[in-house]
Amino acid sequence: MNGTTLGIFAIIVVYILGMVGIGVWFSKKNNDVNDFYLGGRKLGPLVTAMSAEASDMSSWLLMGLPGVAYLSGIADAGWTAIGLAVGTYFNWLIVAKRLRRYSAAAGNSITIPDFFSNRFRDKSHSLLGISALIIVIFFIPYTASGFAACGKLFSNLFGISYIPAMIVSAVVIVGYTALGGFLAASTTDFIQSIVMTLALIIVVGFGIQIGGGFDAVMENASNLPGYLSMTSLHDAASNTAQPYGFISIVSTFAWGLGYFGMPHILLRFMAIEDENKLKLSRRVASVWVTISMAVAIFIGVIGYSMTKAGGIETLSGSDSETLIIKTAQLLSQHGTLAIVFAGIILAGILACTMSTADSQLLAASSSISQNILKDVLHIKMSEKTTMLTARLTVIAISVIAVFIARDPNSSVFGIVSFAWAGFGAAFGPVMLFSLFWRRTTKFGALAGMISGGAMVFIWKYLIRPIGGAWNVYELLPAFLVACACILIVSLLTKAPDREILDEFDSI
């Protein structure tokens with residue numbers, strides 16, 4: 001390694017050691033599984049807000065979104081961001097407070113499967129078992145995509161072989177998560193959101209300077225047909241504008257529906273110490289998400305001017321996702337202070353990935369150790385054994401995820417998109433009906449969960465490939481099918497018992 005690379009490497013190592021240190025610190029505060037999986041419901045409003053959104057964004061914020069905007073302009077990235085911003089706001093507005101209150105009242109539920117099972121008094125544990133299985137099915141490969149992203153980052157930056165780089169990244173994430181549990185994951189996510197913000201600010205400032213100033217950046221972008229339009233896509237090959245129609249807009253906007261079913265975000269709602277402070281959390285989360293995504297899209301626009309000015313080479317295809325990495329490498333050539341800033345940028349990309357992977361690990365772990373082993377299979381364990389099982393489950397899931405991520409050419413963002421649709425369709429409608437319709441029955445919830453998850457597979461692999469009007473993101477049709485199944489099956493089955501209705505009314 002040369003001096004510049006060594007300096008960046010040192011900054012990232014310090015950052016990683018800090019995250020592990022937080023895990024060690026919080027390992028002393030986990031007295032039982034309620035602490036390990038939900039932090040004892042002691043999260044403050046700022047940590048709740050920022051950890052929820054940091055765990056949501058993943059490397060998509062600093063790699064995927066700027067890359068899409070760089071290639072085709074603001075329409076595709078913009079409508080996705082708008083959908084996500086709207087979904088974020090309404091999730092905090094209508095779900096957060098009710099779920100915090102209801103999950104505590106319904107048997108002090110500490111996981112999403114727990115809540116569904118307790119909400120409907122499901123003595124058969126079918127709701128609990130199926131929802132836990134869905135979490136495992138979608139979260140293990142989702143976690144693998146995070147490990148793969150970290151491995152690719154280190155491999156590209158430092159010339160390290162992919163497999164060792166990926167394994168080291170996994171060990172770090174597993175280390176502080178298995179030690180510190182939910183409190184460690186939430187605290188590190190809060191810190192990582194700050195690092196991500198700093199990275200965005202530094203890239204924008206440096207990128208505008210290299211691109212010739214703000215006026216030059218906007219002029220260069222406006223000269224490309226469709227680049228700054230919300231109803232057109234820029235086609236670089238032909239230098240023309242291609243229409244971005246209504247179906248595409250609706251399909252992309254539908255990403256926002258996924259928030260209602262994301263276990264790692266919903267758990268933050270359940271964990272806040274004071275439900276009356278959720279209003280502050282909602283404002284902080286919504287503002288941060290909106291501004292961060294807008295800045296990330298603008299970085300893609302800036303990237304074109306940086307290319308035109310000769311600062312970075314022209315990027316095509318998936319290489320566009322390395323725009324911020326290329327910017328950091330260019331910045332590092334401008335002195336010692338610039339190396340520090342470049343290290344912060346690259347640590348920000350690492351933070352995006354780590355903040356999502358740790359939350360996914362905990363959610364998947366709780367589904368196996370708490371819901372499947374203890375609740376469904378009725379394996380009796382002492383409190384000490386339960387804690388040990390929880391930590392060992394985190395490690396076991398990570399080993400499987402590392403195995404899945406062993407291929408350096410594995411798709412990161414394709415997996416993220418599919419898992420997002422899976423959770424959004426399987427859990428989102430059930431969560432909304434559980435919180436807002438007292439007539440919802442256990443069988444209706446089961447029908448919605450199964451049909452939503454199944455329709456994601458059916459639409460993606462059988463219907464969407466037809467193209468044309470059928471080329472809609474699988475989350476939207478699967479979400480609608482799940483809602484219809486919940487409504488119809490609930491009306492056709494016996495109404496909930498008075499105990500369930502009274503509890504619903506009290507919430």
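**Exercise 1.** In which helix of the protein is confidence lowest, and in which is it highest?

*Solution.* This is a predicted model. Start with the overall score: pLDDT averages 84 in the protein, and 92% of the residues reach at least 70. Confidence is lowest in helix H2 (residues 33–38), with a mean of 63. Helix H18 (residues 475–492) has the highest, at 97. Where pLDDT is low, predicted coordinates should not be read in detail.

**Exercise 2.** Classify the packing of helix H3 against helix H11, and list the residues in contact.

*Solution.* Take the geometry before the residues. H3 (residues 45–57) packs on H11 (residues 263–271) at about 175°, and the axes lie 9 Å apart. Angles over 145 degrees count as roughly antiparallel, so H3 is roughly antiparallel to H11. From H3, the contact uses Thr 48, Ser 51, Ala 52, Ser 55 and Asp 56; from H11, His 264, Ile 265 and Arg 268. By class, these contact residues are two nonpolar, four polar and two charged.

**Exercise 3.** Describe the pairing of strands S1 and S2 and the hairpin between them.

*Solution.* Strands S1 (residues 232–235) and S2 (residues 240–243) run antiparallel and are joined by four bridges. Ser 232 stands opposite Pro 243 of S2. Four residues lie between the strands, and Asn 239 in this hairpin has a positive phi near 55°.

**Exercise 4.** How does the reach of helix H12 compare with the expected span?

*Solution.* H12 (residues 278–308) has 31 residues. From first C-alpha to last, H12 reaches 45 Å, close to the expected 45 Å. Just after H12, Gly 310 takes a positive phi of about 85°.

Conventions
Residues are numbered from 1 along each chain as its sequence is written. This is a predicted model: local features need pLDDT of at least 70, side-chain atom pairs count only at pLDDT 80 or more; totals for chains, interfaces and linings use all residues. Side-chain values use heavy atoms; hydrogens and water are left out. Axes are lines fitted to C-alpha atoms, for helices over the stretch in contact, and angles run from 0 to 180 degrees between N-to-C directions. Helices (H or I, at least four residues) and strands (E, at least two) are DSSP runs, numbered from the N terminus. Angles under 35 degrees count as roughly parallel, over 145 as roughly antiparallel, 65 to 115 as roughly perpendicular and the rest as oblique. Contact means heavy atoms within 4.5 Å. Ala, Val, Leu, Ile, Met, Phe, Trp, Tyr, Cys and Pro count as nonpolar, Asp, Glu, Lys and Arg as charged, and the others, Gly among them, as polar. Two strands pair if DSSP finds at least two bridges between them. pLDDT is the predictor's confidence in each residue, from 0 to 100. The expected span of a helix is 1.5 Å times one less than its number of residues.
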